[in-house]
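This report goes through a few places in one protein model. The sequence and structure come next, followed by notes on each place.

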Amino acid sequence: MTDDYAGGRLTIDLGALQSNWRTLSAISPASECAAVVKANAYGIGTAQAARALAEAGATTFFVAHPSEAKAVREASSDAVIYVLNGLAPGACGALAAIRARPVLGSREEIDEWTAFVKATGADEAAAIHIDTGMLRLGLGPDEAQELLPRGLGFRPSLLMSHLACADEPERPETEAQRAAFVELQRLLPETPASLSNSAGTLLPKTSGGDLGFDLRRPGVSLYGSMPVAGRPSPLKPVVRLDARVIQVREAPSGATVGYGGAERLKRPTRLAILSLGYADGVFRAGGSEDGAPGATAFAGDAPCPFVGRISMDLIAVDVTGAGEVKRGDWVEILGDHVGVDALAGACGTIGYEVLTSLGRRFARSYVG
Ligand SMILES: *Cc1c(COP(=O)(O)O)cnc(C)c1O
């Protein structure tokens, strides 16, 4: 799709991505800073992100699926790649072929990888995931106590667990998880350990100790979203989204705008109609209705509130106070004035969902 016709221009700043990785890396210099690039690198593009992060100095990458591991391998021949969603039945060969390491979190997965390594004679490293209080993936503590001391038929290259509540610093669960993890680490004392996501990287200490261990696994923060609410963000925005104005019209006081007539204008209003909508990842919950404002776009430095419901391909914004706005202009949806977390907040969701929902029909460009 060329820039000439797209309804939205998505600009991805790989220099800001690299800068964020360096910032996060420097918070706990003794602990390696990996990069989580699952879900198409949180929407920005796996290959581009992996190449930029490798250039900045990242050597360890986490993805969710083998297909994503393949994209990272193509971007970097020497990256260490872990597959967080583990081992699908029969997938050992496919992972070994691209030198990706599964994160093994159940007895079945451990048995299957052990049998594969035995059968092929390969020295295939893998991570072990233990569950310290999230009940998602990973060996339960009892299972870990039973399985790990027996020794494994392959090289465990990482022992990891995942934090459930680290984005809410007052919660006691993070320290409980840290303490449980330290306890279970004794089962594989020689193996490097990893506990922190972005929140644990940005707030690296609990009352009981450090969350850094040997390796940290930030994801969303690399892409400019601050997962810990109410704290100043040290991160740079990575994603900019501008929408094309396709019509400007005057509307009288008392008229309603868009489907369902959800918002009735309280004064004569100049509306700009933008060529993007919920099909592009601008969530319907960001629309407005009477008494409930929605998200805000910006024309230059002037705020332009969303008016009425968001359509599949169109959004109306109020440009009455925005100076001259005309057909063919571009209006900021995400950028210097509206961060990923601000748009997420106006849509009742989180930065993760905004990033990973970014539309597929924008004109995309990479800078920096
Ligand atoms: C997604 C994920 C991360 C990264 O989390 P962020 O909150 O995006 O930093 C780290 N570890 C695991 C196991 C994950 O699933």
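## A covered strand

Strand S18 (residues 330-334) is mostly covered, with four of its five residues buried. Buried means under 20% relative accessible area, exposed means over 50%, and partly exposed lies in between (1.4 Å probe, protein chains only). Strands (E, at least two residues) and helices (H or I, at least four) are DSSP runs, numbered from the N terminus.

S18 pairs with strand S11 (residues 239-251) in the antiparallel sense, over four bridges. Two strands pair if DSSP finds at least two bridges between them. Across this pairing, Arg-244 stands opposite Trp-330 in S18.

## Basis of the values

The model is predicted, and residues are numbered from 1 along each chain as its sequence is written. Local features need pLDDT of at least 70 and side-chain atom pairs count only at pLDDT 80 or more, while totals for chains, interfaces and linings use all residues; side-chain values use heavy atoms, with hydrogens and water left out.

## The ligand site

The ligand is surrounded by 14 residues, and the closest are Lys-38, Tyr-42, Ser-198, Gly-219 and Tyr-352. A residue is near a molecule or strand if one of its heavy atoms lies within 4 Å of it.

A polar side-chain atom of Tyr-352 lies 2.6 Å from an oxygen atom of the ligand. For His-162, an N or O atom in the side chain is 3.3 Å from a nitrogen atom of the ligand. For Arg-136, an N or O atom in the side chain is 3.4 Å from an oxygen atom of the ligand. On its own the ligand has 390 Å² of accessible area, and the protein covers 93% of that. These areas come from the Shrake-Rupley method with a 1.4 Å probe; for residues, only the protein chains shown count as cover.

## Thr-349

Thr-349 is found in the loop between helix H10 (340-346) and helix H11 (351-356). Thr-349 is buried, because its relative accessible area is 18%. Not counting residues up to four places away in sequence, Thr-349 touches Phe-283, Ala-344 and Val-354. Contact means heavy atoms within 4.5 Å.

## Asn-20

Asn-20 is found in helix H1 (residues 14-27). The relative accessible area of Asn-20 is 0%, so this residue is buried. Leaving aside neighbours within four places in sequence, Asn-20 is in contact with residues including Ser-221, Tyr-223, Leu-235 and Val-238. Asn-20 and Ala-346 are 326 residues apart along the chain, and their C-alpha atoms are separated by 24 Å.

Key. A polar contact is a pair of N or O atoms within 3.5 Å; within protein, one must be able to donate a hydrogen and the other to accept it, and residues adjacent in sequence count only if both atoms are side-chain atoms.
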